[in-house]
Amino acid sequence: QVQLLESGGGLVQPGGSLRLSCAAAGRALYGYTMAWFRQSPGKDREFVAAVKRRTSSTSYRNSLKGRFTIYRDNAKKTLYLQMNSLQPDDTAAYYCAASKRDLMTSALGGDHEYEYWGQGTQVTVSS
């Protein structure tokens with residue numbers, strides 16, 4: 001079992017950047033498919049990005065490609081999400097998720113595919 005703890009959220013002006021971190025306790029990160037999801041008030045949780053367990057290949061929500069980057073440091077047992085050119089629509093609670101399974105690319109965006117979740121970190125983009 002792995003425990004996930006997100007950090008790095010906060011208030012940022014439009015056009016700014018933030019880097020979110022997800023620290024894993026209990027297991028090595030390389031054994032898990034990892035992902036970021038986000039949820040705004042009144043909206044469904046949506047997929048942001050994922051990195052596969054074996055290949056470390058990445059996948060992104062189409063609308064976020066080029067602005068967000070997901071990567072992990074296995075030695076530090078930490079997953080990151082670098083977010084650039086942030087806009088008010090990016091305001092949400094961001095959640096880290098992990099799966100022990102090798103997910104197909106088409107399945108990476110399904111939140112039901114992930115067994116472990118962090119508590120979330122709030123990102124607010126506002127002037």
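Guide: Let us start with accessibility: a residue is buried under 20% relative accessible area, exposed over 50%, and partly exposed in between, using a 1.4 Å probe and protein chains only. This is a predicted model, where local features need pLDDT of at least 70 and side-chain atom pairs count only at pLDDT 80 or more, while totals for chains, interfaces and linings use all residues. Residues are numbered from 1 along each chain as its sequence is written, and side-chain values use heavy atoms, with hydrogens and water left out.

Visitor: Does Ser85 count as buried, partly exposed or exposed?

Guide: Ser85 is found in the loop between β8 and β9; those labels name strands, and helices (H or I, at least four residues) and strands (E, at least two) are DSSP runs numbered from the N terminus. Ser85 has a positive phi of about 50° although it is not a glycine. Its relative accessibility is 37%, so Ser85 counts as partly exposed.

Visitor: In which loop does Ser56 lie?

Guide: Ser56 is another residue other than glycine with a positive phi, near 60°. At 37% relative accessibility, Ser56 is partly exposed. Its place is the loop between β5 and β6 (58–60).

Visitor: How far apart are the sulfur atoms of Cys22 and Cys96?

Guide: The structure holds one disulfide, meaning a pair of cysteine sulfur atoms within 2.5 Å. It links distant parts of the chain, with Cys22 in strand β3 (residues 18–25) and Cys96 in strand β9, 74 residues apart. Cys22 is buried at a relative accessible area of 0%, and Cys96 is buried at 0% too. The sulfur atoms of Cys22 and Cys96 are separated by 2.0 Å.

Visitor: Why is the disulfide of Cys22 and Cys96 called left-handed?

Guide: The handedness is read from the torsion about the S-S bond. The disulfide of Cys22 and Cys96 is left-handed because that torsion is about -75°.

Visitor: How many aromatic pairs does the structure hold?

Guide: A pair of rings is described by the distance of the centres and the angle of the planes. Rings of Phe, Tyr and Trp (its six-membered ring) pair if their centres lie within 6.5 Å; planes under 30 degrees apart are stacked, over 60 edge-to-face, and the rest tilted. By that rule, the number of aromatic pairs is six.

Visitor: What angle lies between the planes of Phe37 and Phe47?

Guide: Phe37 and Phe47 are both buried. Their rings are 5.7 Å apart, centre to centre, and edge-to-face, with an angle between the planes of 70°. This pair links distant parts of the chain, from Phe37 in strand β4 (residues 33–39) to Phe47 in strand β5 (residues 46–51). So that you leave with the value asked for, the angle is 70°.

Visitor: Which residues do ring pairs link into a cluster with Phe37?

Guide: Phe37 also pairs edge-to-face with Tyr114, at 5.5 Å centre to centre and 75° between the planes. That pair spans 77 residues, with Tyr114 in the loop between β9 (92–99) and β10 (116–117). Ring pairs link Phe37 into a cluster with Phe47, Tyr114 and Trp117.

Visitor: Which residue has its charged end over the ring of Trp117?

Guide: A charge sits over a ring if NZ of Lys or CZ of Arg is within 6 Å of the ring centre and within 35 degrees of the ring normal. Here the charged end is 3.9 Å from the centre of the Trp117 ring, and it belongs to Arg45.

Visitor: What separates the C-alpha atoms of Ser7 and Tyr94?

Guide: Ser7 lies in strand β1 (residues 3–7). Leaving aside neighbours within four places in sequence, Ser7 is in contact (heavy atoms within 4.5 Å) with Arg19, Leu20, Ser21 and Thr121. Ser7 and Tyr94 are 87 residues apart along the chain, and their C-alpha atoms are separated by 9.4 Å.
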